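The questions below take one model and work through its core, its strands, its rings and its charged pairs. Please keep the sequence and the coordinates in view while reading.

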Amino acid sequence: MNRLIDHNLFIRKISKQVDSKSLEEEFKKYGDIISCKVSINEDHTSRGYGFVCFRDPEAAARALSES
């Protein structure tokens with residue numbers, strides 16, 4: 001389950017192969033993205049979660065309901 005706080009989405013259970021660029025590619029269809037980041041460990045492996053910040057709260061709400 002993903003969580004919405006205004007225009008920011010917390011995305012969890014991301015495949016270890018997904019990086020920030022591919023996460024942004026997946027979510028840009030919902031609206032303009034200000035920032036997108038997959039959290040990584042010290043050894044540069046994914047922690048399995050990330051954040052997407054949309055310009056508009058409506059885009060974030062749409063991404064949450066459709067993903």
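**Rings, strands, core and charges**

Q: Is Phe 10 buried, partly exposed or exposed?
A: In this predicted model, Phe 10 has a relative accessibility of 28%. Buried would need a value under 20% and exposed one over 50%, so Phe 10 counts as partly exposed.

Q: Which class of aromatic pair do Phe 10 and Tyr 49 form, stacked, tilted or edge-to-face?
A: A search of the whole structure finds four aromatic pairs, and one of them joins Phe 10 and Tyr 49 with ring centres 5.6 Å apart. The planes of these two rings stand at 50 degrees, whereas stacked requires under 30 degrees and edge-to-face over 60. The pair of Phe 10 and Tyr 49 is therefore tilted.

Q: How many residues apart in sequence are the parts that the pair of Phe 10 and Tyr 49 ties together?
A: Phe 10 belongs to strand S2, while Tyr 49 belongs to strand S4.

Q: Which class of aromatic pair do Tyr 49 and Phe 51 form?
A: Tyr 49 is partly exposed at 25% relative accessible area, and Phe 51 is partly exposed at 42%. Their ring centres are 6.0 Å apart and their planes meet at 90 degrees, so the class is edge-to-face.

Q: Which residues form one aromatic cluster?
A: Tyr 49 takes part in a tilted pair with Phe 10 and in an edge-to-face pair with Phe 51. The cluster is accordingly made up of Phe 10, Tyr 49 and Phe 51.

Q: How many bridges pair S3 with S4?
A: Strand S4 runs antiparallel to S2, to which five bridges join it, and Arg 12 stands opposite Tyr 49 in S4. S4 also pairs with S3 in the antiparallel sense, with Cys 36 opposite Val 52, and the number of bridges between S3 and S4 is six.

Q: Which residue in the turn of the hairpin of S3 and S4 has a positive phi?
A: Most residues other than glycine have a negative phi. The hairpin has five residues between its strands, and a positive phi near 70 degrees occurs there in a residue that is exposed, with a relative accessible area of 64%. That residue is His 44.

Q: What is the phi of Lys 13, in degrees?
A: Lys 13 lies in the loop between S2 and H1, where it is exposed with a relative accessible area of 71%. Although Lys 13 is not a glycine, its phi is positive, at about 60 degrees.

Q: How many residues are in the largest nonpolar core?
A: Leu 9, Ile 11, Leu 23, Phe 27, Val 52 and Phe 54 touch the most other members of this core. Strands S2, S3 and S4 and helices H1 and H2 each supply at least two of its residues. The number of residues in the core is 14.

Q: Which residue forms a salt bridge with Glu 26?
A: The structure holds two salt bridges, and one of them joins Glu 25 to Lys 28 with the closest N and O atoms 3.2 Å apart. In the bridge of Glu 26 the N to O distance is 3.5 Å; Glu 26 is partly exposed at 43% relative accessibility, and its partner is Lys 29.

Technical notes. Residues are numbered from 1 along each chain as its sequence is written. This is a predicted model: local features need pLDDT of at least 70, side-chain atom pairs count only at pLDDT 80 or more; totals for chains, interfaces and linings use all residues. Side-chain values use heavy atoms; hydrogens and water are left out. A nonpolar core is a set of buried Ala, Val, Leu, Ile, Met, Phe, Trp, Tyr and Cys residues joined through side-chain atoms within 4.5 Å. Buried means under 20% relative accessible area, exposed over 50%, partly exposed in between (1.4 Å probe, protein chains only). Helices (H or I, at least four residues) and strands (E, at least two) are DSSP runs, numbered from the N terminus. A salt bridge is a side-chain nitrogen of Lys or Arg within 4 Å of a carboxyl oxygen of Asp or Glu. Two strands pair if DSSP finds at least two bridges between them. Rings of Phe, Tyr and Trp (its six-membered ring) pair if their centres lie within 6.5 Å; planes under 30 degrees apart count as stacked, over 60 as edge-to-face and the rest as tilted.
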